[in-house]
There are 2 protein chains.
Amino acid sequence: MTTDDKTEELLQRLRDKGFRITSQRETVIRIFQENKEKHLSAEDVYEILSKSNEAISLATTYRTLRMLVDMNVLRELDFAETHKHYELIDENEAPHHHIICLDCNHTIEFENDEINELGKKIAKQYNVDIVDMQFQIFGKCPSIPKDDNRKHRH
Amino acid sequence: MTTDDKTEELLQRLRDKGFRITSQRETVIRIFQENKEKHLSAEDVYEILSKSNEAISLATTYRTLRMLVDMNVLRELDFAETHKHYELIDENEAPHHHIICLDCNHTIEFENDEINELGKKIAKQYNVDIVDMQFQIFGKCPSIPKDDNRKHRH
DNA sequence: TTGAGTGCAAATCCTTTGCAGGCGG
DNA sequence: CCGCCTGCAAAGGATTTGCACTCAA
């Protein structure tokens, strides 16, 4: 499936739920598709668009992100920071998990079926209807390339 | 080891690092020892103390929590809410993990050695010096008793 | 005695909301 | 044309910080 097909599929999902397709919403979805491997924050999205000629307000950015999370288009991620991060949910992919460096805030994504299976098993044990799961490993990375310059946490 | 012994051990750890032992710090540590099974927020701690005759300021509550996290006395927990939760780290216990109900915010703790082992293995694979790990399952609980009345998230 | 710790209030950061005008269906 | 969406600015919740005073060591 091409990116355009995927975009159209997501937009259709919004239409089906009675949401209107505005240029702001299309743009936010496109930003996440162009940054599949990243974990953008609201501020990140806002800044990317501010630099382009498709600027949208911070308020709309937040409103759109929340809506997309509710629509299961985006996943909200907690990295033990004061703000949240978001990523596209790809329903054909297994959930993936994160290693977060407490020194440089760099994150590594990894997939691990054993963990996903364990998660499902445990949820079933407790009779919980699973919506999402996240395994986070917090540590110090001696060797991760420091390719971002976000504020340090400590 | 009795609770008093444990308290003394923790206080000694602060002394060793050059921190002063104030009544406020002793009190906060005691609150967590008296609520081992809970995941108190800063506001929770502040409120518990406000009702007693050992009230401390919110600012000091936050400063103390941060210090205790840095000292590895408390673990900071993210439950996809706007505020953080904290719990005592018991070094004799294996890490435990959480199921969080997105409807009622109730949390269930569970332990699972397979997950802990997997976490260690993965960290090693990525050459990361592991500090902590958390596995979180987000879902809807059909059967969990709703024994708390915190604000709902959605 | 003295500087780390405290309380208070103000500041800050991230996010949400009220309202008036704009535009998608 | 109707009412959902937007932008703006103001409000809000959680946490941090500046400053003068207090008290543990």
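A residue is counted as near a molecule or strand if one of its heavy atoms lies within 4 Å of it. By that criterion, 19 residues surround DNA strand D, the closest being Arg20(A), Thr22(A), Thr60(A), Arg63(A) and Tyr62(B). The model is predicted: local features need pLDDT of at least 70, side-chain atom pairs count only at pLDDT 80 or more, and totals for chains, interfaces and linings use all residues. Residues are numbered from 1 along each chain as its sequence is written, chains are lettered from A and ligands numbered from 1 in the order in which they are written, and side-chain values use heavy atoms, with hydrogens and water left out.

The surface near DNA strand D draws at least two residues from each of helix H2 (23–33) and helix H4 (58–70) of chain A and helix H4 (58–70) of chain B; helices are DSSP runs (H or I, at least four residues), numbered from the N terminus. The largest contribution, four residues, comes from H4(B).

Phosphate oxygens of DNA strand D lie 2.4 Å from a side-chain N or O atom of Thr60(A), 2.8 Å from one of Ser57(A), and 3.1 Å from a polar side-chain atom of Arg25(A).

Ile115(A), in helix H5 (residues 113–125) of chain A, is 39 Å from Ser57(A), C-alpha to C-alpha. Beyond residues up to four places away in sequence, Ile115(A) touches (heavy atoms within 4.5 Å) residues including Phe110(A), Met133(A), Leu118(B) and Ile122(B).

Note on methods
A polar contact is a pair of N or O atoms within 3.5 Å; within protein, one must be able to donate a hydrogen and the other to accept it, and residues adjacent in sequence count only if both atoms are side-chain atoms.
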